[in-house]
Amino acid sequence: MKYGLFLLVVCLNTFLVNAYFEVVVPDSQHALDLNLFEEVLDPELCDEQNKYIANDTFLLFKFFDAGTRTPRGILTGNTQDLGNYYQCLGIKQEIPNSVIEGKYCMISLPLEQNIQLPDLPELPDILSQALPAWELIHSNHRVNDKVVKSLNEYNALKTGVDVVFGGLGNKSLGRSTDVGFLSALSLNLAICLPKVCSANNALDTFVNITDLGFHYEERFCRLPNDKPWVAGDYVAIAIFSLIGLLSILSTAYDVRYNVFLQKDPKKVNKLYQSFSVYNNTNRLLTITPVPGAIECLDGIRSFAMIWVIIGHTFSTQIGSGIVANQLEIFEWMMSLEAVWLMAAPITVDTFFLLTGLLVVYTTYGKVTPIKLLKNLHLFYLNRIFRILPVLCAMILLQVSFLNWVVDGPFWEAKMGHVHHCRVYWWSTILHIQNFLNPSGMCLSPSWYLAIDMQLYILSPIVLVWVLTGKRLIAWTALLVSLIAVLSGATVFNFQNNFPFSPVTPSRPPEDIIYYMEYYYTNTLTRASPFFVGLIFGYLLSIYREKTNVLNWVTAGILWFVSGFIILGTIFITYPFMQFDWDNLLIDNLVNSFMRPVWAAGVGCLIFVCAHGYGGIVNWILSLKMFKILGRLSYAMYIVHYPLMIIVNAMPVSLIHFSIPSLLLLFLADFSLALVAAFLMTIFVDLPCSVLVKHFMGGSIKKPPEDKQKPIEKESQQEASVKI
């Protein structure tokens with residue numbers, strides 16, 4: 001049995017490692033109307049309008065005032081100036097035979113230019129405001145070599161932040177030029193020009209800058225009303241309108257039945273009540289003690305979610321490019337005081353641990369292996385349909401409403417996420433996007449859901465042996481599966497020599513992108529915490545409701561092990577964040593074993609708390625507020641990242657980064673995610689859970705001799721599908 005199980009797991013791992021595909025889909029679902037930008041170009045009309053603008057001092061001033069300046073704070077890492085986005089797009093003036101309208105463009109201007117500026121012929125005084133940007137690139141004005149080196153190093157570091165939290169880039173945008181690694185050595189400057197002109201037409205109006213050897217790249221342009229309506233917009237309006245109508249009718253029925261008529265609540269029609277905002281709010285906020293529940297899990301899940309959100313708050317702010325003092329951030333990221341934030345990606349492995357733990361804990365002693373196999377379709381479908389509603393609702397919001405809510409010069413990042421969801425929504429729903437299109441994921445953090453679902457699908461291979469009730473067979477299955485996964489991941493890591501983390505300054509950007517595609521979102525390399533969770537789930541199950549399992553000495557040892565592992569895993573990040581780090585052997589060992597070790601440390605903490613030796617830690621983790629937050633955690637995980645992208649796409653000017661401002665922004669992001677998750681849970685998650693239970697009859701049930709355990713099981717299974 002054990003050799004067959006070992007071979008099966010190894011074969012599955014081999015398939016998962018080699019199953020990468022890059023799906024090529026025609027670019028027909030852009031967030032912007034790409035044809036519009038080509039249709040408006042008219043070189044002859046451009047010349048005519050430029051001549052008119054040159055003779056209209058006030059109109060000329062409006063264009064230059066909305067355009068570029070020399071970036072402020074180059075010595076602290078700021079290499080961009082945003083102009084005035086809304087002023088530029090707001091320009092509209094009728095002239096004979098046409099209308100002059102503004103177009104906002106961003107160009108990338110290399111710092112190193114070998115040109116000699118001629119004497120400019122009698123330009124209007126207003127152009128003198130633009131000259132500082134020209135003077136900067138003159139061959140006699142060079143940026144200090146030390147600053148250039150620091151910018152290079154910072155952008156190498158920033159690449160890791162971009163790919164892990166930005167989804168591997170926005171290469172699907174089509175008309176945008178990916179300035180890549182060397183973008184930090186270029187100035188990103190906004191220019192405002194008539195919409196009928198290209199950048200070349202506008203910049204060559206007074207001097208033929210191309211012939212002077214002046215080099216630049218057009219990154220993107222924006223026009224008023226350049227977002228087209230697509231099928232997803234109409235589908236979203238129809239579906240969310242239907243949800244709103246059902247919520248109104250269901251709430252009215254519920255309030256009339258239970259509040260005004262005060263009839264017996266047990267006789268209410270559950271289907272009619274399923275979309276009731278009144279009832280669902282009560283369900284969410286009512287905390288009922290559940291026999292056998294592990295109280296500390298909600299607190300652990302909540303703190304892990306908080307760590308995810310603050311990590312994403314930092315990374316999306318850096319990745320969006322809205323920060324002016326980038327070199328100061330670079331220095332802070334490499335310091336010891338930033339280690340708690342740079343270690344944040346490890347928190348996702350806590351979720352894998354909890355899933356594996358609850359898979360065993362909610363089934364052990366309640367079903368037999370034969371019954372599990374007979375009801376395997378319910379085992380899968382119950383979880384799939386509990387996850388899909390919120391996921392589908394967020395995808396629909398991403399492809400439609402979230403593309404319209406705000407706009408700004410940083411909307412380029414949001415465009416990539418909208419485009420990815422319009423093209424790859426189906427692979428997200430099927431939970432295969434980590435293998436099928438890892439460089440273009442819809443809802444970037446959903447890679448976790450894909451791996452989590454894949455591991456859940458594989459879990460019966462081990463679970464069927466655990467449920468036999470024979471400890472030798474159960475331990476053999478658990479240990480063999482963990483060893484198989486660790487062996488496969490270790491061999492794979494040593495073959496590829498991945499960097500330690502997505503933010504590793506000593507590695508080139510291509511190594512980071514390779515790491516993200518083949519390690520960070522790979523089921524094999526991320527599976528070990530799940531299998532550690534299976535082991536702890538089995539330990540908690542066999543010692544369930546047993547007293548005197550631990551004594552103070554054993555509990556103290558477990559506390560020491562747990563604290564040492566958790567703190568050690570966090571602080572081990574520091575040496576890897578230094579530019580002089582160069583040890584492939586340590587990289588490979590840490591990549592292979594750090595994640596299961598972290599899971600073991602958190603598992604020890606859960607085991608101690610569950611058996612009465614948690615003290616004040618268990619008291620904090622078991623607070624009632626964490627139970628509500630735990631119920632919202634899945635929806636928060638799904639909604640928080642798209643909302644952060646919107647927040648960071650809104651600014652029209654750069655901001656200064658500091659730790660207090662980061663914490664304030666985190667509080668705003670957390671509050672916004674909490675409110676959005678609450679609404680998503682009330683209007684989508686809870687109603688759909690009632691429908692799933694009604695039409696599927698719940699999940700695998702134990703014979704009804706024990707009247708309390710079905711309640712416990714139902715609650716734990718619902719928790720197991722949450723993040």
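Helices (H or I, at least four residues) and strands (E, at least two) are DSSP runs, numbered from the N terminus. I noted that this is a predicted model, in which local features need pLDDT of at least 70 and side-chain atom pairs count only at pLDDT 80 or more, while totals for chains, interfaces and linings use all residues. Residues are numbered from 1 along each chain as its sequence is written, and side-chain values use heavy atoms, with hydrogens and water left out.

**Entry on Asp42**

I looked up Asp42 and found it in the loop between helix H2 (34-39) and helix H3 (43-54). Asp42 counts as partly exposed because its relative accessibility is 31%, where buried means under 20% relative accessible area, exposed over 50%, and partly exposed in between (1.4 Å probe, protein chains only).

**Entry on two surface patches**

I wrote down that patches are made of residues with over 30% relative accessible area and no salt bridge, with like charges joined within 9 Å and nonpolar side chains (Val, Leu, Ile, Met, Phe, Trp, Tyr) within 5 Å. A salt bridge is a side-chain nitrogen of Lys or Arg within 4 Å of a carboxyl oxygen of Asp or Glu, and accessible areas come from the Shrake-Rupley method with a 1.4 Å probe, for which only the protein chains shown count as cover for residues. Lys and Arg count as positive and Asp and Glu as negative, while His and the chain ends are not counted; the place of a charge is taken as NZ of Lys, CZ of Arg, CG of Asp or CD of Glu.

With this in hand, I saw that Asp42, Glu44, Asp47 and Glu48 gather in a patch of negative charge on the surface. A nonpolar patch on the surface is formed by Trp229, Tyr234, Ile237, Phe401 and Trp404, which together have about 520 Å² of accessible area. Tyr234 lies in helix H9 (residues 231-260) and is exposed, because its relative accessible area is 53%.

**Entry on positive phi**

Most residues other than glycine have a negative phi. I therefore looked at Asn225, which is not a glycine and yet has a positive phi of about 55°, and which is exposed because its relative accessible area is 75%. Asn225 sits in the loop between strand S5 (217-222) and H9. Leu443, also not a glycine, has a positive phi of about 55° and is found in the loop between helix H19 (433-436) and helix H20 (447-458). Is Leu443 buried or exposed? Leu443 counts as buried, because its relative accessibility is 4%.

**Entry on Asn280**

I placed Asn280 in helix H11 (residues 277-285), where it counts as buried because its relative accessibility is 0%. Asn280 and Thr681 are 401 residues apart in sequence, and their C-alpha atoms are 8.4 Å apart in space.
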